[in-house]
Amino acid sequence: FKRIFTEPVLKQVTILPLLVRTFIWTFIQITFHVAGGLTLALLLNRKIKFKGIYRAFLVFPWAIPQIIAVLAWRGEFHYEYGYFNIMLQNLGLAAINWKQDPFWNFVAINMVNIWLGVPFMMITLLGGLQSIDSTYYEAAEIDGAGGFTKFRTITLPLLKPILTPSVVYGIIWTFNNFNVPYFINEQELESSDILVTALFRAAFEYNQYGFSAAFALVIFLILLGLTVLYMRISNFKPALRRARAMVAETSE
């Protein structure tokens, strides 16, 4: 455990840059997943034509096997033959070295995971939106409430029991996401590693099994602390605690 905090986890990088990068990675992903998923869910919750077709196309990134999707995206980041550099050159811009430049490699990793993660959040939040009784909105319209007021006072509060567990699950899943950071980082840049990919490299590339076991426990404790902190900040109460609170209020 002392080595984890005093020595490089890999060849050069120590745990602090890995931890900061993992926090940045998780924050970016959760922000885009929730914002994108909620926006698409609100659009699909309206009465529009061909809603089923739109939903099928939007769910497609989440439905296909993740490894296949990630490897397909990795090919599009090729310096000479990748789609993105071809489009940049057609626009008169310089090609980007997605696989070797530390900054752009991290950007590429985020792009892929945003594309993969938004559909899941969209489907989850769409189910929550469809469970909200329309009479709340009808009563709000009678009182003269606008669209933003209805969203702030009706949609968000009633969506909270769905949104909070989804965000917690998203934090856990993103924090431990291995496939996207590992396979997009084809050149094995330590500047693009997060905690779980560094753990894998330490264990199975550098054969530090005891060190990696302790490292895994540290990651678990960090993630547990983040989850508890978020649940306290959001005042999230599981169903059992809510039931006990209701019983206590009734008895009083």
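Tutor: Helices (H or I, at least four residues) and strands (E, at least two) are DSSP runs, numbered from the N terminus. This is a predicted model, where local features need pLDDT of at least 70 and side-chain atom pairs pLDDT 80 or more, while totals for chains, interfaces and linings use all residues. Residues count from 1 along each chain as its sequence is written, and side-chain values use heavy atoms, without hydrogens and water.

Student: Which pattern does the protein follow along the sequence?

Tutor: It reads α-α-α-α-α-α-α-α-α-α-α-α, with 12 helices and zero strands.

Student: How do I read two packed helices?

Tutor: Use the angle between their axes and the distance between the axes. Axes are lines fitted to C-alpha atoms, for helices over the stretch in contact, with angles from 0 to 180 degrees between N-to-C directions. Here, H4 (residues 66–76) and H6 (residues 102–130) have axes that come within 11 Å and cross at roughly 140°.

Student: Which residues of H4 and H6 meet?

Tutor: Gln66, Ala69, Val70 and Trp73 of H4 meet Met111, Val112, Trp115 and Leu116 of H6; contact means heavy atoms within 4.5 Å. This contact has seven nonpolar residues, one polar and no charged. Ala, Val, Leu, Ile, Met, Phe, Trp, Tyr, Cys and Pro count as nonpolar, Asp, Glu, Lys and Arg as charged, and the others, Gly among them, as polar.

Student: And how is a pair of aromatic rings described?

Tutor: By the distance of the centres and the angle of the planes. Rings of Phe, Tyr and Trp (its six-membered ring) pair if their centres lie within 6.5 Å; planes under 30 degrees apart are stacked, over 60 edge-to-face, and the rest tilted. By this rule there are 20 aromatic pairs. Tryptophan 62 and phenylalanine 120 form a tilted one, 5.4 Å centre to centre with 55° between the planes.

Student: Why does that pair tie together parts that are apart in sequence?

Tutor: Tryptophan 62 lies in H3 (residues 51–63) and phenylalanine 120 in H6, so the pair joins parts 58 residues apart in sequence.
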